[in-house]
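Thanks for coming, everyone. Let me put the model on the screen, and then we will walk through a few residues.

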Amino acid sequence: MAILIVASVILLLLYLAVQVRSVTRERGSAWNTGPRDEGSQPTGVFAGRADRAFRNYLETFPAFGLLALLLMVLQRADGIGVAGAQLWLAARVAYLPLYLAGVPYLRTLVWIASIVGLLLMAIRAVT
């Protein structure tokens, strides 16, 4: 399970890098290194998608981390718990390019798969 947690953090950094790079390309390095007090959002299609994909990752990342740690503490990091963690991670890997490419429906199915992964982890934590 520890390797999946590390992989999820590496994936977080990849999502962040894509988001930062795309917004910096759109707005420039002066904007990126400044205070961004104006609170502006990306206006370009790719940068907007990268930003939304990153924010979407942040919505489920804490749940994954907490469930993974809980499974380890409870010594239940096996069976459907590990399968759920692997499913979540694989779905999140697939989600980024699908979102960036603007692929409808399949992207939603991949997101649903990631949620199923979290549910499997939760089920293993309590059973």
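Buried here means under 20% relative accessible area, exposed means over 50%, and partly exposed is in between, with a 1.4 Å probe and protein chains only. This is a predicted model: local features need pLDDT of at least 70, side-chain atom pairs count only at pLDDT 80 or more, and totals for chains, interfaces and linings use all residues. Residues are numbered from 1 along each chain as its sequence is written, and side-chain values use heavy atoms, with hydrogens and water left out.

Start with T60. It is found in helix α3, residues 45-73; helices are DSSP runs of H or I, at least four residues, numbered from the N terminus. T60 counts as buried because its relative accessibility is 6%. What does the side chain of T60 join in a polar contact? That of W88, at 3.4 Å. A polar contact is a pair of N or O atoms within 3.5 Å; within protein, one must be able to donate a hydrogen and the other to accept it, and residues adjacent in sequence count only if both atoms are side-chain atoms. Leaving aside neighbours within four places in sequence, T60 is in contact (heavy atoms within 4.5 Å) with W88, R92, I115 and L118.

Next, W111. This residue sits in helix α5. At 32% relative accessibility, W111 is partly exposed.

Now two loop residues. Q75 lies between α3 and α4. Its phi is near 55°, positive in a residue other than glycine. Q75 is exposed, at 71%. Y105 lies in the loop between α4 and α5. Y105 is not a glycine either, yet has a positive phi of about 65°. Its relative accessibility is 69%, so Y105 counts as exposed.
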